[in-house]
Amino acid sequence: MKDVVMTAEHTLEKLGLTAAELTGGSLEVRSPIDGRVLARVHETPVADMDAVFARATAAFKAWRTVPAPRRGELIRLLGEELRAAKEDLGALVSWEAGKITSEGLGEVQEMIDICDFALGLSRQLYGLTIASERPGHRMMETWHPAGPVGVISAFNFPVAVWSWNAALALVCGDPVIWKPSEKTPLTAMACQKIFEKAVARFGDAPEGLLQLLIGGADLGKALVASEAVPIISATGSTRMGRAVAPIVAQRFGKCILELGGNNAMIVGPSADLEMAVRAIVFSAVGTAGQRCTSLRRLIVHNSIRADLVARLKKAYAGLPIGDPLAEGTLVGPLVDEASGQAMEAALKAAEAEGGTVFGGKRVTDGVPEGGVYMQPAIVEMPGQTEIVKTETFAPILYVMGYDGFDEALEMQNDVPQGLSSCVFTLNMREAEQFLSPAGSDCGIANVNIGPSGAEIGGAFGGEKETGGGRESGSDAWKGYMRRQTNTVNYSAELPLAQGVKFDI
Ligand code: NAD
């Protein structure tokens, strides 16, 4: 595995990270591929946070007055720099997060896509004009920059989640303070270098538009508590969201929460099973089951259950598991040993709750030594037990049968999380019921396509324990701005609304 580490070092250098930045620090960064230490980076001292907030506040005061289309120019340049760095940054995502090559590249492509989206948006931060009930009056709403945005991100999308937030926040006029996962600081540091290149080409951007906090939850806690940061966008576990939300609420800040998922697919009797199998395998084992939108529950009509499970077992048995940078690999490593143990514990619990496990064993042959490689598991369950309702961040697919579509829908919704969902059916009534108000209760609901792999054009996020936040496309930009309602009186009278009289 020496070659991998050497190439990782070469990539870090190409991305502009210096030896001084990568050595001598207290935060050890290990590659999930083989457990090797890639760098020891310097953590941001909590004592520096006041200076960070002061810089962000000063940057905000300057940036909010820059016209939005000009702010969009910075994001256009960022998109260009990301295109130039795509291969290197994608590879670094593989080394630091363990994603297979095409998923590492896909993550960077998603960053480029959101830059394109945000650039267009910079000319479309529209408010409404509203008919006033008073003669000689005009009403409208204006969207203004809101202030510095704190972005807390998870290890599994180490760079895309930042870009979803940063591209929108920056065109909306808000500086960004980013606290990446302590497991993936290198990709974040590389993003800052790429951003700095865009800033240098832009010319007159204020200093401090993007600040990076390298370290653990303590820095996240300090960020969340600060009144200088009116918006906190936090992506990670529901446990983290539960800690963050009350603190932000107490100071009347705004939260955009993107938390855990427990995503399901309903497969009806009319489904195209060949398509369903492909969609299931990609969404259940892609990124080794470490996507917030990974497929975790399969709710399949009893008449086709045995056939579908047999097809899945056949597909699972042939999955190439191993070095994510090797050509042909489809299943890379879990992020660390704790994740491997969590997967084993969940499988044990599933068995205790009546499940039958296929796969789920550690893989040691033909994979890099030092990484945690697991066979993806299919677990046939007698029903939706406690463990099925829990998000285990690993490639475990629970299978449950149903007889009536209402029963399937009920099962799909009967979990605490509400991120993504889908149905495979050629029956129009089932498809439409699934999308109706009485259908899926998730933020994302798909027909004949798996639950993962969203495009940036739509709003991304989910309900219930997933936190309710929306990021990326549609009108998610509104979460990064403050809305002001304006009434302008161009008459010589001063009528009051609702006919109220107050003559003096
Ligand atoms: P995690 O919750 O362990 O960590 C996420 C981030 O939160 C890290 O940067 C961490 O340092 C920080 N953090 C932890 N405790 C904090 C606190 N009390 N205050 C402030 N910051 C704190 O999550 P993880 O293991 O990195 O990621 C996996 C989880 O993220 C899964 O549950 C997954 O579903 C979720 N996720 C959700 C989405 C989404 O869009 N809904 C996207 C990606 C990941």
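Me: Where does the ligand lie relative to domain 1 and domain 2?

Reply: This is a predicted model, and in it the ligand lies between the two, because domain 1 and domain 2 both give residues to the shell around it.

Me: Which parts of the chain make up those domains?

Reply: Domain 1 covers 7-259 + 467-484, and domain 2 covers 263-455. Their centres, taken over C-alpha atoms, are separated by 30 Å.

Me: And how many residues of each are in contact with the other?

Reply: On the domain 1 side there are 15 residues, in contact with 18 residues of domain 2. Helix 4 (68-97) and helix 5 (101-121) each supply at least two residues of that domain 1 side. By class, the side of domain 1 that touches domain 2 has five nonpolar, five polar and five charged residues.

Me: Back to the ligand. How many residues surround it, and which are closest?

Reply: The count is 29, and the closest are A154, G220, G236, E258 and C292. Sorted by class, the shell holds 13 nonpolar, 11 polar and five charged residues.

Me: Which helix gives the most to that shell?

Reply: That would be helix 8, with four residues. Helix 8 spans 217-225, and helix 9 (238-250) also supplies at least two residues of the shell.

Me: What does UniProt say about E258?

Reply: The unreviewed UniProt entry annotates E258 as "active site". In the model, E258 lies in strand 9, residues 254-258.

Me: Is E258 buried or exposed?

Reply: E258 counts as buried because 30 other C-beta atoms lie within 10 Å, where the cut-off for buried is 20 or more.

Me: Which residues is E258 in contact with, leaving aside those within four places in sequence?

Reply: Those are T235, G461, G467, G469 and E471.

Me: New topic: strand 16. Why is it described as largely enclosed?

Reply: Strand 16 runs over residues 420-424, and five of its five residues are buried, so the rest of the structure largely encloses it.

Me: Which way do its residues point?

Reply: S420, C422 and F424 point one way, while S421 and V423 point the other way. In a regular strand, side chains alternate between the two faces of the sheet.

Me: What does strand 16 pair with?

Reply: Strand 10 (residues 263-267) pairs with strand 16 in the parallel sense over four bridges, and I266 has V423 as its bridge partner there. Strand 17 (residues 444-447) also pairs with strand 16 in the parallel sense, over four bridges. There, C422 stands opposite N446.

Definitions and conventions
Residues are numbered from 1 along each chain as its sequence is written. This is a predicted model: local features need pLDDT of at least 70, side-chain atom pairs count only at pLDDT 80 or more; totals for chains, interfaces and linings use all residues. UniProt positions are given in the numbering used here, feature names are shortened, and annotations may be inferred rather than shown by experiment. A residue is buried if 20 or more other C-beta atoms lie within 10 Å of its own, exposed if 12 or fewer, and partly exposed in between; C-beta atoms are placed from the backbone. Two residues are in contact if their C-beta atoms, placed from the backbone, lie within 7 Å. A residue is near a molecule or strand if its C-beta atom, placed from the backbone, lies within 6 Å of it. Ala, Val, Leu, Ile, Met, Phe, Trp, Tyr, Cys and Pro count as nonpolar, Asp, Glu, Lys and Arg as charged, and the others, Gly among them, as polar. Domain bounds come from an automatic or database domain assignment. Two strands pair if DSSP finds at least two bridges between them.
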